[in-house]
Amino acid sequence: MNEPLSAKRRLMLAAAGAALLVVLAAALAPLSPGLQAYARGLAFAVLAGLSIMAVAFLVALPLGALAASGPRLIDWALRFACDLVGSLPTVFVAAVIWAGTSSTTSFVCALGVLRGLEQAWLLRCEIVRLEAEDAESVPRGLGRTPLVAFLRRRLSAALGPLFVSASFSVAWLTALDAAVSQAGLRPPNALETWGLLLGAPHPSPLPALLAAGSVAWLTVALHALFRPPGPGVAAP
Amino acid sequence: MSVRAAIRRLFGIALTLIAVSVGMFWASATYARRPGNQHASPFAAFPVFFNPRPIGVRELSSNALHAIARGGRPAIAAQISLARLGGAALPYVLPALDSLDPHSRERVALALTPVAMRMEVGSPDELSDGAQAVLFWTRFWQDRAIDFRTASVRHLTSRLAERSIALRREDLIHVDTFALPALIDALGRVDTLEDVARIQRLNSVLSHITELAVGCPPGASVADARAVADTWRDFWELHGSEYSALDGPRRLAASFVETQYGKWLAAVLRGGLGRTQSGERALDLVLRGLATTSFLLFVGLGGGFPLGVVWTRFERRSHKFATRVASAIAGTALAAIPCATFVRWFAGPGAGLASAIGLVTITTAAWVSRHLARSTMSQSVSPIAAAFSVSAPLGATYPPFVLSAIVLVELIFQLPGLGRTAALALASGDVNAWMAASLSLASASLLLRHAADLIRPRSSSSQMASVR
């Protein structure tokens, strides 16, 4: 029971969880306008969450690896960019990006880059920590780690915190959206999302509860999907 | 940490804060440009960071002169502009009259009639005809050009500021808006009743030459006089360059000063971090909000981190699989859902701060426990050691997370904190309030990051640790 599931089974479980939500949304949507809004929000949350994760990984993996093991300039630039972006509550950064971008796609991509910077820093810190703790486990030639060894051993071992962060992508997006709506910083022509259901001044109880439950469900599913191998790890 | 490292760190923080202020200003300007925005800053007409072609009184008066000389529809707007520029434009307009053809010269001379009336140097009869008007202004410049010198106007202004004599007031009115820089400089600090009397004397001249109805009645208090002085300084911040000649180094400086960012920086340097749209000092706004936000931050941080460590410890030591699963699901859900939305359904207005503290603490604990539970480090060592070990990455990602949570709870429970202040200021286009509140939040975030980096254990045996 305590054995970790294979990656394939975890992926299937996560997909099944998401499919269950889609079926639920499709069944509930015709019942009331609030539930219809919930169903529309689900589509946005899943698609935008996945896009944010994909863009974040694309940014984080090369940038984090280069900052940890490449030229110091990249490390300095990443630290500076993270300091800059991280010094403001993300809700304000998101509000500004939303107001400044012309389409939802570019808004989601910009959020992905933002998330990618944060994850790149997590990856960089984890690689540096692993190097510091266990410098001998990866072979070195002339003081440098060969690329293949770096990718296979060091990078794969350092992905844990990145996955944790990635599993919160849908929750991060929804919480941001709710906070932006609550703050009155949401563009008037923006899509109907779960953030609007949760952040409205007088939210309808059932759609809001369903949206919050679905966020938790998706996050738990993603958490389980990205579960790192090893003993003694609680599921999901 | 050595002194050198401390200085380097402090320098880094200062540099980052400067860059952050630029970023936040850009954010505010970008947000203000959104479609359908009705809350524009008074400085919205200026470029945000760099003004490639700053415009002073010389350019404005020259443009107006040529537009009036050409005639047609643009001449109407130019006449209004020239009348507003008044005495400040005369040193550029009157010497240029000779370069115009007779008809154009008459049109320009007639356009200056409102200025002559305001300066109390001419009557409508003297200026009713084009030829007469040209003659009047030619003679005026021959007689009075010597009065349009900065040193003599400053001398006149300082004498008016010292004592009230009707003649001094008239002398200043005769040079009209040319005296504006000296009059604004003479406003000075307002602390005593003597200062109030000075403001009343200067305000009388300023109101006359700008034709703006700013009142400072005889029985005005120190606070009233201070408000009047601030009104004139705000006017000068907005329109000062229109009455000043931008030459040499001043033109170079104007490329940066005559921008939205430059105007904000000037307001900050004037003291009190500038003034908000409601006329309050932004610094007072920050001081009022700081107590709530820092209380939420430190109680949430102080309670949430240890709770998160205990949570991870409990989860790892639990022998029952079901308990571990339930704990993990609860942690993930609590960190994922913006719980404040639901708490406000049950909590009354009196429970606002208590609910907010509880939420920030629980959210922090859930967030920390999830990160510790999933950290590769936490598999082999105690959660406390893991917490210290991963403090640097957590320190980088935690501040934006917790500050967003604080903004949300402050908004939902209507707590007078910095997050709510910043959100409302951004929405209403109040640049000074936004910059003051968000810079305070940024400082808190930077301090948290650096504190987390400082408590990170360093391995002496590792080259990497020492290098990075």
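I began with contacts in chain A: of those with a separation of 6 or more, 70% join residues 24 or more positions apart. I count two residues as in contact if their C-beta atoms, placed from the backbone, lie within 7 Å.

This is a predicted model; local features need pLDDT of at least 70, side-chain atom pairs count only at pLDDT 80 or more, and totals for chains, interfaces and linings use all residues. Residues are numbered from 1 along each chain as its sequence is written, while chains are lettered from A and ligands numbered from 1 in the order in which they are written.

Next I looked up the elements. Chain A has 10 helices and zero strands. I took both as DSSP runs (helices H or I, at least four residues; strands E, at least two), numbered from the N terminus.

Then burial. In chain A, 52% of the 236 residues are buried, meaning that 20 or more other C-beta atoms lie within 10 Å of a residue's own.

I checked helix α10 of chain A, residues 205-225. How many of its 21 residues are buried? I found 17, so α10(A) is mostly covered. At 1.5 Å times one less than its number of residues, the helix should span 30 Å, and its end C-alpha atoms are 30 Å apart, which agrees.

Last, the nonpolar cores: sets of buried Ala, Val, Leu, Ile, Met, Phe, Trp, Tyr and Cys joined through C-beta atoms within 7 Å. The largest has 139 residues, and A:Ala95 and B:Ala437 have the most contacts inside it. Helix α2 of chain A (residues 33-69) gives the most to this core, 16 residues. Leaving out residues up to four places away in sequence, A:Ala95 touches A:Val180, A:Ala183, A:Leu185, B:Tyr31 and B:Leu426.

Methods: Buried ≥ 20, exposed ≤ 12 C-beta atoms within 10 Å, placed from the backbone.
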